Amino acid sequence: MDEVCEGKDFSFPKQEEKVLEFWSKVKAFETQLELTKDKPEYIFYDGPPFATGLPHYGHILAGTIKDIVTRYQSMTGHHVTRRFGWDCHGLPVENEIDKKLGIKKREDVIKMGIDKYNEECRSIVTRYVSEWEKVITRTGRWIDFKNDYKTMDRNFMESVWWVFAQLFEKGLVYKGFKVMPYSTGCKTPLSNFEAGQNYQDVPDPEIMMTFPVIGDPHNASFVAWTTTPWTLPSNLALCVNANFTYVKVRNKYSGKIYIIAESRLSALPKDKPKEAVVNGSVGAPKKANVKSKESSGGKTENVLDSFEVLEKFPGSSLVGKKYEPLFGYFIELSDTAFRVVSDNYVTDDSGTGIVHCAPAFGEDDFRVCIENHILNKDNLTVAVDDDGCFTEKITDFSGCYIKDADKDIIEAVKAKGRLVKQGNLGLFVKVELLKEKLLENNKQTYWVPDFVKDKRFHNWLENARDWAISRSRFWGTPLPLWISEDEKEIIVIDSVAKLEKLSGVKVFDLHRHNIDHITIQSESGRVLRRVDDVFDCWFESGSMPYAYIHYPFENIELFEKNFPGHFVAEGLDQTRGWFYTLMVLATALFGKPAFRNLICNGLVLAEDGKKMSKSLKNYPPPMEVVDDYGADALRLYLINSPVVRAEPLRFKKEGVYGVVRDVFLPWYNAYRFLVQNAKRLEVEGLAPFIPIDHATLQKSSNVLDQWINSATQSLIHFVKQEMNAYRLYTVVPYLLKFLDNLTNIYVRFNRKRLKGRTGEEDCRTALSTLYNVLLLSCKVMAPFTPFFTEVLFQNMRKACNGLEESIHYCSFPEEEGERDERIEQSVSRMMTIIDLARNIRERNNKPLKTPLRWEVLVAETGCDLIYMNLFVLQYVLEELNIRSLVPCNDTLKYASLRAEPDFSILGKRLGKSMGIVAKEVKAMSQESILSFESAGEVVIANHCLKLTDIKILRDFKRPDGMTEEEIDAAGDTDVLVILDLHPDESLLEAGAAREIVNRIQKLRKKIALEPTDMVEVYFESLDGDKNLSQRVLHSQASYIRDAIGSQLLSHSLMPAHAVVLGEERFHGISGMSFGIILARPTVMFNSKAILPLFQGNKKYAHNLETYLLSRDNSNLKSEFQNGNGKIIVDSIEEQPSVSLVLGEHVFLTVGDCYVAGKAN
């Protein structure tokens, strides 16, 4: 393994960019797919976003969830195709183009040409694709952008046609209208689940109707327009704009004569000639030989092709003309009503330039009718009661709620022969008919969190309404319905091939401007033309499971073997959007749900709890956070938050930094500690580090090896269990706790072993254990933190042959060996004891450097303290700086017991009995509590309570004659820790030694020494009376040597040629003042032994010493090790060669020389 830098110098973002380069170089994602191609398929549906905007935290969150799950599934033996998708059609795209081109109304599109408009839409759909790819790739998500799917692709659209044809064939499609939310800007109805997304509710549908002019020589009719048919029974006047020019026109085909504003002439429906040359016939397709109603360019024919202008006149000339009312409910007002008035509120941006006035239902209507004396304020017509229902006066619709009457009123107008045009008579899917099956299918799916499925989604399905799937727009998948003028013949096209066969026209693109001109001639001779509407874009995204693989035209086996899909994940808002449309279409087509498993995330909000807003700039840009802290940190921050449980998250950039500080740096330091100490073996001239095999490590006698091996197996077991249940929010906290245990327990308590202080064999066992645990935990974490685990893996694989090229080619670890829950509980209890004891020290101002004499552990009845004591006693003593530890199973010696019911567990179970039970539990005697602990259960008020139902609290009972300053305790439900706080002179020297060691370690850090850097440490007493320091150094020599890894040398032993690296003086430390000097290891000589080698020639001896002092100490050490403690020096000119023996002629450190001198 290569050396690694300090944590403070490790740049997570830069390392991630290097990993991206590596993945690109080795084609990591493609390779992973190739390696798993023969594995069982795991089908993941990626909901298509609009590419007209940039990705935000919501996209990154959903993408991270998807990436974690699909990476995990790949590692557990599945082939997971991941293709990015784009939602290309619909209002968001058209809105952008309308703004860009200044389009205000539908007619503007017709004028410019549908072909030009649609190509403008197509041009912006992929505008941000490169930015999306950059952000998604940078955040670590593996997904195929090259082989993506787009809802505007011909293959996708063809499958959407097939889906519709299936619904039509099953009788699940009908033509009708209902009140729908309405986008006033785009003049189009919205689906039930689009409502509320910044669109205004406007009544629907719109209709045009005629009002025959009384006494007109041509029998002409005024054409008025309304979007509120329910107001027509109350019509009393028609209003024109006196300044507009109006025209009287004759329809060339029907002969009907209309009066309408000249500027609104294009709003009239265009009748077609009865005979038409068509592109083909149903029976025998043939090529078109004459242009049809629209050219392939999508240009609508001139309105004058259908109408002949008979007269033009100003609006003012129409004022006063009488007309025939639609209904006779207010015929008594005929003297003043049912005539034309004028007002400037009439506009020509919509409608016909003639407004129908119902004074009871509109402010302008009321004003105009009053001003023109149609009626006065005293005889206002009342057609609707306080409940919104028609009064008895409106005989045909009496008692009917006004909006429910829309349909019947339109039918009545139609029956009178006065309906000119009916807008938004669209197509609907009979969702209400499928309701029971939808609810049943919902039960077959698995959601995280489940309350979204059981409440929010269930309620939405239970109240499901029929779904309006058609839109009177341009940029979308056209409805594949070809219909005759009399609506007697309908052909549903379910494939491009069928359209080509029936029309004789080659089809390359399915958008309106490329197919609207295509006609079909039926066997009866009728000409069938396509209806104008396009699909609701939610119908397209709901068809995604079939359309993205072009089913049923391709991939039949792939689809049919793996439907429903295994997994989807999106935000909470999609319960009424994509999740809903997926479920509806799959249920309608196959009687199944579309997916098996679903993760629903909440909303990512700004730090202030408001919606993230570009204009408010109330959130940091995602890439800024990634550039500062790395994508892995952002991923973990998002996943380890309430947002994965469908709750909102207030995004804080500091939270991402917290992940780096609390997770990645400790993890990195554990890894770095492994690398440093593995390299140290080589520095010391020992064999390079090669990890011991896992089976051998399982047999280690060291308790912490056994514990961390068992904890790693528990980690693997837990993560598998939770990931298989899609509970990402439980996985991350467990992973973080594991890493905390690895760094703060295993590495911390094993520093001596890992540094080689307990012998080479034990060192290699500890290093191999740490290596194995880090390797396994990296594999477990790989789906969550793909970059950092790759960085570690790439270096660690250098120490072990046969590992994969990338961590993401590895299989998810299998459980090996049995988990030892007893030893895991034992170490957990050890940490509890240590924490409780630290609390006591802190409370009594006794720092850890101050040794204490003893600690007593009072355990819960049945708690095996003896077992724990045998294995972890030494760790507790060292960590807490205590001389002895005494287990005590006599609970009542130091504690009194109290019982408390666990209300969180018992409350729901016991209900009204809770009060009685709680009272009796609290009244339990000491003896009954002990009996309960021993038996494991107790019956109270006819309820059997277990150990998990009652909390046993141990209150410290201070022994007689002892004060708070002398003894103190802390405890939890399992154990009570008691510390002796007596000052003891015999412990002061141990405390002083700890202070000295602490200052040495701080000085090492101050001068930036690596843990593997060998130095010699010199101590200089600055006190007049040196007795205390000498006693400390003498009595604590063993402890100090173990702690600093070398002898603590007297300042007087430091040779003149020593290279000082750092020094510092300290005063008033445990009653001492002293100086510490850190110097490089320096060669020392036994001159008495060297002189005889040169027959007493002092010059030769001096030259040898000078030569050896010029050599690098570590290289010299290696030469002696290679020569079994001997070297031959023959490179000094004009001087005989000599053989030197380490420890006889030469010493590599002052400490070695000092020890040898003491021994002699």
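**Entry 1: helices over a sheet**

I began with helix α8, which lies across β19 and β20 and runs at about 130 degrees to β20. I take contact to mean heavy atoms within 4.5 Å, axes to be lines fitted to C-alpha atoms, for helices over the stretch in contact, and angles to run from 0 to 180 degrees between N-to-C directions. Helices (H or I, at least four residues) and strands (E, at least two) are DSSP runs, numbered from the N terminus. I note at once that this is a predicted model, in which local features need pLDDT of at least 70 and side-chain atom pairs count only at pLDDT 80 or more, while totals for chains, interfaces and linings use all residues. Residues are numbered from 1 along each chain as its sequence is written, and side-chain values use heavy atoms, with hydrogens and water left out.

I then turned to α13, which lies across β19, β20 and β21 and runs at about 60 degrees to β21. Helix α8 (residues 154-169) and helix α13 (residues 496-503) pack with their axes 9 Å apart, at an angle of about 80 degrees. That makes α8 roughly perpendicular to α13, given that angles under 35 degrees count as roughly parallel, over 145 as roughly antiparallel, 65 to 115 as roughly perpendicular and the rest as oblique. On the α8 side I listed Arg 154, Glu 158 and Trp 161, which meet Val 496, Ala 497, Leu 499 and Glu 500 of α13. Sorted by class, the contact of α8 with α13 has four nonpolar, no polar and three charged residues; here Ala, Val, Leu, Ile, Met, Phe, Trp, Tyr, Cys and Pro count as nonpolar, Asp, Glu, Lys and Arg as charged, and the others, Gly among them, as polar.

**Entry 2: the sheet under these helices**

I looked up the strand order next and found an open sheet of four strands, β20-β19-β22-β21, with antiparallel pairing. Two strands pair if DSSP finds at least two bridges between them. The edge strands, each pairing on one side only, are β20 (490-492) and β21 (519-521), and the twist averages 25 degrees from one strand to the next. Strand β19 (residues 481-484) is joined to strand β22 (residues 527-530) by three bridges, and these strands run antiparallel; Ser 484 stands opposite Leu 528 in β22.

**Entry 3**

Strand β36 (residues 1016-1021) and β37 run parallel and are joined by three bridges, with Leu 1048 in β37 as the bridge partner of Val 1017.

**Entry 4: strand β7 and its partners**

I find strand β7 (residues 221-226) mostly covered, since five of its six residues are buried, where buried means under 20% relative accessible area, exposed over 50%, and partly exposed in between (1.4 Å probe, protein chains only). Strand β6 (residues 207-212) pairs with β7 in the antiparallel sense over six bridges, and Met 209 stands opposite Ala 224 in β7. With strand β10 (residues 257-261), β7 pairs in the parallel sense over two bridges, and there Ser 221 stands opposite Tyr 258.

**Entry 5: single residues**

I placed Val 109 in helix α5 (residues 106-112), and at 1% relative accessibility Val 109 counts as buried. Leaving aside neighbours within four places in sequence, Val 109 is in contact with Ile 103, Ile 114, Tyr 117 and Phe 474. Val 109 and Phe 474 are 365 residues apart in sequence, yet 8.6 Å apart in space, C-alpha to C-alpha.

I located His 1145 in the loop between β42 (1138-1141) and β43 (1146-1147); at 5% relative accessibility, His 1145 counts as buried. Not counting residues up to four places away in sequence, His 1145 touches several residues, including Met 1084, Phe 1085, Ile 1090 and Leu 1140.

I found Pro 40 in the loop between α2 (28-35) and α3 (57-75). Its contacts, leaving aside neighbours within four places in sequence, are Gly 77, His 78 and His 79.
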